Amino acid sequence: MSKPKIAVIIGSTRATRFGDKPAEWIANIAKARGDFDVEIVDLRDYPLPFFDEAASSLWAPSKNEVAQKWQKKVAEYDGYVITAAEYNRGPTAVLKNALDYAYTEWNRKPVTFVGYGGVGGARAIEQLRLHAVELQMTPIRHAVHVTWGDFIQILQQGKKLEDFEHLHQAAETALDDLAWWAKVLKKAREDDVQAKQAAE
């Protein structure tokens with residue numbers, strides 16, 4: 001079986017966003033492990049309108065061309081790491097919108113998060129885990145939380161994410177779980193396809 005392909009999704013599109021930094025950082029850690037194929041996916045490259053389809057793509061094909069392109073991209077991966085800024089105790093609107101614009105492409109795949117903000121994006125991540133369950137994903141227990149103390153040192157003192165050993169340990173733990181679930185669920189999905197083909 002080939003290595004699982006993992007997307008690191010930058011969950012913000014703001015001009016002054018911080019999300020590039022944790023995305024590149026976690027992607028480099030994941031690549032160094034050797035048990036994933038890793039790609040950074042930037043929501044800026046998929047300028048989705050606010051959801052305006054007749055129905056979820058579970059029930060009706062999306063008409064918007066960017067949505068179709070997004071769905072095809074999401075479908076390429078066996079798991080996801082999503083950077084999660086916290087706005088007013090929740091995730092960014094652009095990230096929630098991107099989740100809503102796909103459905104079957106997310107199904108039966110694991111996801112973890114790298115949150116940042118006052119409490120490390122924890123409240124946004126809790127909401128995102130609920131969304132992931134509804135999308136039939138497997139949100140894993142472990143995530144990375146870049147808390148306000150870390151955040152200030154990065155923004156005001158010039159430190160880098162690489163300088164924080166506790167964040168590196170959290171990343172490795174989250175990626176250990178992501179790797180396990182990605183392999184298990186990839187095999188299960190492949191078995192389902194083979195069983196369906198054999199029954200036809």
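## Basis of the model

This is a predicted model, in which local features need pLDDT of at least 70 and side-chain atom pairs count only at pLDDT 80 or more, while totals for chains, interfaces and linings use all residues. Residues are numbered from 1 along each chain as its sequence is written, and side-chain values use heavy atoms, with hydrogens and water left out.

## Strand β3 and its partners

Strand β4 (residues 110–116) runs parallel to β3 and is joined to it by six bridges, whereas strand β1 (residues 5–10) pairs with β3 in the parallel sense over four bridges, pairing requiring at least two DSSP bridges. V8 has V81 as its bridge partner in β3.

Seven of the seven residues of β3 (residues 79–85) are buried, so the strand is largely enclosed by the rest of the structure; buried means under 20% relative accessible area, with a 1.4 Å probe and protein chains only. G79, V81, T83 and A85 point one way, and Y80, I82 and A84 the other.

## Q71 in helix α2

Q71 belongs to helix α2 (residues 65–75) and is buried, at a relative accessible area of 10%. Its side chain forms a polar contact of 2.8 Å with the side chain of S62, a polar contact being a pair of N or O atoms within 3.5 Å, where within protein one must be able to donate a hydrogen and the other to accept it, and residues adjacent in sequence count only if both atoms are side-chain atoms. A polar atom of the Q71 side chain also lies 2.6 Å from the backbone oxygen of Y101.

Key: Helix = DSSP H or I, 4+ residues; strand = E, 2+ residues; numbered from the N terminus. Buried < 20%, exposed > 50% of the residue type's maximum accessible area, 1.4 Å probe, protein only.
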